[in-house]
Protein chains: 4
Amino acid sequence: VKVAVIHAAHDIRVEDQEVPPLGPGDVRVRVRAGGICGSDLHYYQHGGFGQVRLREPMILGHEVAGVVEQIGAAVTAVAVGAHVAVNPSQPCGCCDYCRRGMPNQCLDMRFYGSAMRMPHVQGAFREVLVCTESQAIPIPDELAFSSAAFAEPLAVCLHAARQAGALLGQRVLVSGVGPIGALAVLTARQAGAREIVATDILAEPLDLVRRIGADRALNVREQPDALQSYSAGKGYFDVVFEASGSAAALAAAVQVVRAGGSIIQIGLGGDLSVPMNVLVSKELTLRGSFRFHEEFVWAVHCIASGAIKVEPLLTEIVPLAQVRRAFELAGDRRRAMKIQLAL
Amino acid sequence: VKVAVIHAAHDIRVEDQEVPPLGPGDVRVRVRAGGICGSDLHYYQHGGFGQVRLREPMILGHEVAGVVEQIGAAVTAVAVGAHVAVNPSQPCGCCDYCRRGMPNQCLDMRFYGSAMRMPHVQGAFREVLVCTESQAIPIPDELAFSSAAFAEPLAVCLHAARQAGALLGQRVLVSGVGPIGALAVLTARQAGAREIVATDILAEPLDLVRRIGADRALNVREQPDALQSYSAGKGYFDVVFEASGSAAALAAAVQVVRAGGSIIQIGLGGDLSVPMNVLVSKELTLRGSFRFHEEFVWAVHCIASGAIKVEPLLTEIVPLAQVRRAFELAGDRRRAMKIQLAL
Amino acid sequence: VKVAVIHAAHDIRVEDQEVPPLGPGDVRVRVRAGGICGSDLHYYQHGGFGQVRLREPMILGHEVAGVVEQIGAAVTAVAVGAHVAVNPSQPCGCCDYCRRGMPNQCLDMRFYGSAMRMPHVQGAFREVLVCTESQAIPIPDELAFSSAAFAEPLAVCLHAARQAGALLGQRVLVSGVGPIGALAVLTARQAGAREIVATDILAEPLDLVRRIGADRALNVREQPDALQSYSAGKGYFDVVFEASGSAAALAAAVQVVRAGGSIIQIGLGGDLSVPMNVLVSKELTLRGSFRFHEEFVWAVHCIASGAIKVEPLLTEIVPLAQVRRAFELAGDRRRAMKIQLAL
Amino acid sequence: VKVAVIHAAHDIRVEDQEVPPLGPGDVRVRVRAGGICGSDLHYYQHGGFGQVRLREPMILGHEVAGVVEQIGAAVTAVAVGAHVAVNPSQPCGCCDYCRRGMPNQCLDMRFYGSAMRMPHVQGAFREVLVCTESQAIPIPDELAFSSAAFAEPLAVCLHAARQAGALLGQRVLVSGVGPIGALAVLTARQAGAREIVATDILAEPLDLVRRIGADRALNVREQPDALQSYSAGKGYFDVVFEASGSAAALAAAVQVVRAGGSIIQIGLGGDLSVPMNVLVSKELTLRGSFRFHEEFVWAVHCIASGAIKVEPLLTEIVPLAQVRRAFELAGDRRRAMKIQLAL
């Protein structure tokens, strides 16, 4: 079957590969939709991120949904023909973190399409995927696969929202509105935030988040002082979701979050300079959020029930054969919010 | 009466000043001991810190204790002759933060010996001090003034401990063991920490904290790999009190704190580079801690009851007339932990 | 002007009273709508609740909205003609609890229509009400007074939601769906609860909460085993809002909340028997929630913005002259959810 | 070997039993000390507690320490000759609670000497015990077995302290000072509580807790008003550890804990009447605490390091042959705090 393999920066190829054998607890999924994530893009544009570098060819992709076409002898939870979203996360279940209820911190995590370990964990941009039964989460037949493929990035945001504590009635700033930031806007709304302000340096994604529920969407490149008024009286926002990875954005966040407030940093980046004197004197909390665990099933539920409407974020579905065009498009934030592959 | 006035970096002078008049709710205190704090040193060595700069002569000092020698007509809580520790913090009591129970974040704070506002708030290194009744916290007559003068920095550490949540049974790293770091060791012990490791770049303060209860005290200049073993399995410590303000120390802390753990940053500094990818992927919490409020009374109680023994931290008491020598000595971390002035 | 005065159980009268004089910081409000609350009903039906008993005639009512018709000389925040919802809560602002950010626990609280202190605090069922400027919260002119008069009970539920921590993705049981329980359903939905089950012993209020968003609404009188299936595996719900004040309901809640889950008790009652062995062995949290503070302004915002739609809860608006009929109707849970007086 | 078997209330017998076979992951321990716990006493005095009843003969005991005399082929963590404290708790490791980091809530828990399941889980009052490797926690050779046998009840209290949040600087009431209450006093001290008041209805245990560190110890039978003064201003204590299981004690606790404070209920009992109106209006938290998990190892550490000194609680060590006398003595709170069996 066809798979999308990254060999090096800007070198992604559609190749043929054998389908792995099906174990007794495994499920074979005919993949129908696969979203391109920021980390996929990092591999495509830079060959990795931070100290994580491609060291061998790797199938990309970890945001997929499809149809079960075969099940192992021991599988009971899903049937052939079921539509499923696939959880790309496989914690070991045995390490200290797994046993302490923090499986997203698993010491032996296998996560689709990640070069963090060697050999790399191969990803899910394949026509046919073999996963374990527990990774295949049923979705309603009437739900579009393209919607279901948002379960993974939405799970990231639901997990980030949990890191922030109760958002009900809070004033929230979302800094950087790529797909994760846009989903953070939807999540904050779902959690009952009182007011949501979003910032970015491009007009197009700001227009989109304005349409999906941000109360204000500010272009901090065109109006560098756009956030200025929020810094009065030690700041305005209770919580910031920082999804840009930019030092300037973090510095701005530190100015406009109220004393005692929280900044949740989502998404990996490199070292960042932090205005520590303000963080200390305002007693801010800067907390990282990484992946998800039980939030995946819940994300599926939110999408399937319509509680969170992800559809406006989908820009285009590109055939696998045009994978290179898909990645180029996904990398152009003026034209693309979320690009998916049709597999 | 004599007061210690800083005019510019390295220019501190003993001058004569009138005692301010006594209001009906005020208390006049004959100051007997005054500790030199890190921020006093910053004014002396650099004329300020960060963006806070001396713009007019200012009396330094905010760690003092003494004897009440006169009280205003409306004062009921303290009597003439009472020994007191003086809380240098005067929140307005009316602003949003004061009303939300966060008076240490007061929007109109007056804090002794601080150039944050203009005119500067004059400090407490004076032979006679006039403060409000509520600032004068009674201490037992038999308690040394030099011990009582530790109430302020201890309150800083008790507040920081609260920022860290429950320390009972936790593994704690204290990074940087000047007076605040050393008091953080004592505080963590008092809070029931299971294990306390301290680091610094000088042997002398490490020797001291080893004596007062740190389980290990590591010289990270002489042994740059001293913390290495603690980074296995995503890290070892539940909580780090970062009191050095050094980017290298913060980077080391990020490596050795366990996933989901907390770093409490105490003490003001400038911008610091933070290894954000590790902070995010390990979902760490970096939180600032600033001053104190109700912890001052409690700090007095801890010192007076002997629950926390601060005496080993006192290096020398220097007469006010030798204030320049006192500051030079306080600035030499090899020779001095805490230097106090006899007033 | 006309006011509604309770003299004893079942003895409520419309009487004439002078409008109190207007102080410089006061606002005179022409009251237009006033909701009858459970505590109003307790005074009407039983002459009090628990140890709180009527000891003198008292104007009832604390859920009102109206139009500003005069302002004191020092008032700046509201103008004549402004529509307002009136916060019935007047904490002293000076006591320990007020200064610790818990003004709803004020040691000297004045709350409209409450016999907790003597002389009683007179209530707001009056044609004209004089309150302080800070109690009069502006509402949009186009918002119905009857909707704005829900701000007070909604604030109670928003406060209760905060007592429960983050509800995003939680499974919630609401036990007892009078007005407070019904508003708790709306609040849990607003806070992003994953699933909301409601119980009551009457069909009519259950029908209503089913229409406003409860996923299931169970009649535990007709089907005593209705909750049975939720007790498997130590329980199902993360959070219970217990708004019935019934020992049987609390015992049921204890069975169906998961180990480590929370029960938030809203509403005053007498002593209740608690199955303590289950509470202990499942390590449950039983927490009280009482009134509100800053949540009042936020409740106004939720109603005005349409984020929370309270209108379906309004059963009938009864003219003040028929106050007795209004109270009889309000006491009949089969016919009435929320009854308001037109003033 | 000899074992202590309860057949019915007041019918405990020393019997001979075969030592179970040793599995590859098992450890055979020559038991040297075994403390009699409140639940052991309940079986002896009443044949059970609450709905838990003896339905077959059961070896009692779950507070034991001894010497490893044989190890299975796969055991690596302990060697023959090692002194160990034995963790009586065997969670399944697989259920939802185990995987969420709450193994003390395991749905398939096996806990020594418990009649909660059928067949009962046999206990540890035996000369020779076979347990799994992970249950045998090494202790220093120089530590008395009688001290190590306190690890289990101390772990209960450390867990309860965690349920209470940070105790540093808190005012704590311990209500009921049997062995658990007395250990709660020690634990609160270790956690840095500012003030600890203990209550009971007997002079003897109160004398003991006064000696081990309670600031006050009040006899609420002799002085029913002893706690009265603590109820001023809505209450005084931040946290109550309720270890008496008495409705009167709980009602008193509700009066003297400050608004917003917590009551941690330790120990199983039956239904208790709770003054719910006060719990609600003061917004108290009533939380159960049940057993422990990782706190067992930590309890061993606290005892071995001398951080918590349990020795003053040991009243007498009674030979196994006199098991009946041991239980009678343990049941006499005037004469006994903790009674242990020498095995």
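A salt bridge is a side-chain nitrogen of Lys or Arg within 4 Å of a carboxyl oxygen of Asp or Glu. By that criterion, the count between chain A and chain B is zero salt bridges. Polar contacts, by contrast, are present in this predicted model: 21 residue pairs, both members at pLDDT 80 or more, are in polar contact between chain A and chain B.

The arrangement of the two chains may be considered next. The same surface serves both copies, since 100% of the contact residues of chain A recur in chain B.

The interface itself brings 40 residues of chain A into contact with 40 residues of chain B. About 3,200 Å² is buried between chain A and chain B, and carbon and sulfur atoms give 52% of this area. In chain A, the residues that lose the most area to chain B are A:M276, A:V280 and A:E283, which together account for 20% of what that side buries. Elements of chain A that give two or more residues to this side are α4 (151-163), β17 (257-266), β18 (271-275), α8 (276-281) and β19 (285-289). By class, the side comprises 16 nonpolar, 17 polar and seven charged residues.

Strand pairing also links the chains. β19(A) pairs with strand β19 (residues 285-289) of chain B in the antiparallel sense, over three bridges. Within β19(B), B:R287 stands opposite A:T285.

Notes
Residues numbered from 1 in each chain as written. Chains lettered and ligands numbered in written order. Predicted model: local features only at pLDDT ≥ 70, side-chain atom pairs only at ≥ 80, totals over all residues. Heavy atoms only, no water. Contact = heavy atoms within 4.5 Å. Buried area = accessible area lost by both parts, 1.4 Å probe. Polar contact = N/O pair within 3.5 Å; in protein donor to acceptor, adjacent residues only side chain to side chain. Helix = DSSP H or I, 4+ residues; strand = E, 2+ residues; numbered from the N terminus. Nonpolar A, V, L, I, M, F, W, Y, C, P; charged D, E, K, R; others polar. Pairing = 2+ DSSP bridges.
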